[in-house]
Amino acid sequence: MLGLWALPQGSGHRLLELSLLGFCLILLGDAKRPPKTPPCPPSCSCTRDTAFCVDSKAVPKNLPTEVISLTLVNAAFSEIHDGAFSHLPLLQFLLLNSNKFTLIGDNAFMGLSHLQYLDLRGNSLICDCKVKWLVEWLANTNTTVAPIYCASPPRFQEHKVQDLPLREFDCITTDFVLYQTLPFPAVSAEPFLYASDLYLALAQPSASACTILKWDYVERQLRDFDRIPAPSAVHCKPLVVDGQLYMVAAQLFGGSYIYHWDPNTTRFNKLQDIDPERVRKPNDLEAFRIEGDWFFAIADSSKAGATSLYRWHQNGFYSHQALHAWHRDTDLEFVDGEGKPRLIVSSSSQAPVIYQWSRAQKQFVAQGEVSQVPDAQAVKHFRAGRDSYLCLSRYIGDSKILRWEGTRFSEVQALPSRGSLALQPFLVGERRYLALGSDFSFTQIYQWDEGRQKFVRFQELAVQAPRAFCYMPAGDAQLLLAPSFKGQTLVYRHVVVDLSA
């Protein structure tokens with residue numbers, strides 16, 4: 001039989017079956033074997049559940065998931081990023097002392113639910129808003145953490161991170177960022193609401209028009225809406241009276257006019273002329289209500305003109321009072337405080353004059369002057385707490401911030417502003433700002449410091465020769481418009497930034 005064993009009939013088939021079964025069991029056995037443990041990184045020494053790493057260029061990623069203790073010494077990196085140890089969910093001891101870590105990112109210890117001990121000693125932490133989250137985490141964690149000290153800033157140097165009060169971290173700041181560019185110059189901007197929609201009226205002498213834009217709530221942009229012919233427009237003032245929209249187009253030459261919006265024909269129709277003998281060279285326009293009646297006043301900057309007050313009556317605006325003749329007035333500001341309506345008129349030839357409304361005479365009566373500023377180009381006001389303030393811009397010399405002391409104004413601040421023709425205080429939420437423009441430098445944004453009761457420099461905007469500033473809330477967008485005499489009209493958006501994020 002040539003050395004072969006004789007097998008019973010059919011035994012060959014059973015042997016083949018057994019061989020195949022054994023082969024399958026071997027395959028199943030290989031499939032159930034646990035995966036190989038990743039190799040220990042070259043910079044580390046590892047056991048089954050510990051790792052000790054020196055001179056690592058990053059948090060080692062190829063460590064066994066069973067590691068419960070990790071030590072990093074003399075690490076060759078300075079920042080620990082979010083979730084840096086999330087691949088080691090069983091970690092109980094994390095020793096990061098004697099390194100040069102300056103920044104520990106938000107949620108750096110995310111996913112370490114078993115962490116019992118953390119030693120961050122010997123690191124030069126920068127204790128700014130980026131570690132605010134760490135202060136909060138240290139206050140709420142059950143992990144034992146050895147003392148950590150701040151290396152900077154100076155006011156926190158050598159302070160324990162654990163002891164830093166959260167109130168010391170003022171991490172919310174703001175910024176004005178360019179949001180939209182309107183490709184044309186303008187010299188005034190007036191937002192208004194009509195029929196539940198938001199609009200903006202711009203005086204464009206270079207385009208010989210009062211341009212009306214409409215806010216697009218879907219695209220969140222200002223869009224073209226309509227134009228009113230105005231060859232030398234200096235101010236386009238919208239008024240909504242009893243649900244009707246009117247537009248006063250004040251012009252340097254050719255007279256000034258009032259237009260009425262006709263919703264049926266969807267166009268502005270001329271309603272009336274403004275007496276050119278009375279208003280010769282308009283420079284500013286202010287609209288307001290007193291005792292239920294609508295008024296508007298036009299500041300006249302000609303030598304032979306007079307600032308004039310007009311009152312709405314049934315179907316038109318009629319001349320009501322002449323104010324401050326022969327003084328080349330440049331700006332108007334209506335102030336309705338303490339139940340005493342006042343109109344402040346600034347002039348290039350004398351100190352601003354304050355007029356107070358007389359209920360008995362139904363007109364404004366001169367009350368006094370703001371003698372501290374003899375040549376204000378523009379005058380604006382604001383209230384902070386119980387105090388009333390005036391902001392006055394000057395073309396030559398410093399602009400002034402004055403506070404009302406009950407019987408007179410006192411100067412509280414001078415702001416460098418050579419070449420200034422426009423300034424505007426405005427409030428965004430609880431933050432108060434002041435925009436101050438110049439023909440010779442960039443626009444300066446100041447923020448009100450409540451503790452010091454002064455404006456502090458906040459931001460610089462690249463606006464050329466601004467002629468006005470206008471704050472316009474548009475849905476969730478808080479906008480600052482800067483019409484420019486020499487360049488494009490720029491729209492900035494106010495944004496809130498969390499420095500701790």
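The model is predicted, with local features requiring pLDDT of at least 70 and side-chain atom pairs counted only at pLDDT 80 or more, while totals for chains, interfaces and linings use all residues. Residues are numbered from 1 along each chain as its sequence is written, and side-chain values use heavy atoms, with hydrogens and water left out.

A search of the whole structure finds 33 aromatic pairs, where rings of Phe, Tyr and Trp (its six-membered ring) pair if their centres lie within 6.5 Å, and planes under 30 degrees apart count as stacked, over 60 as edge-to-face and the rest as tilted. The planes of F109 and W133 stand at 50 degrees with the ring centres 6.0 Å apart, so this pair is tilted. Because F109 belongs to the loop between β6 (103–104) and β7 (117–119) and W133 to helix α2 (residues 132–140), the pair ties together parts that are 24 residues apart in sequence; helices (H or I, at least four residues) and strands (E, at least two) are DSSP runs, numbered from the N terminus. Both F109 and W133 are buried, meaning under 20% relative accessible area with a 1.4 Å probe and protein chains only.

For F176 and F426, the centres are 6.0 Å apart and the planes at 75 degrees, so the pair is edge-to-face. This pair links distant parts of the chain, with F176 in strand β11 (residues 172–182) and F426 in strand β32 (residues 423–428), 250 residues apart. F176 and F426 are both buried, and together with Y433, F458 and Y471 they form one aromatic cluster.

Notes. Buried < 20%, exposed > 50% of the residue type's maximum accessible area, 1.4 Å probe, protein only.
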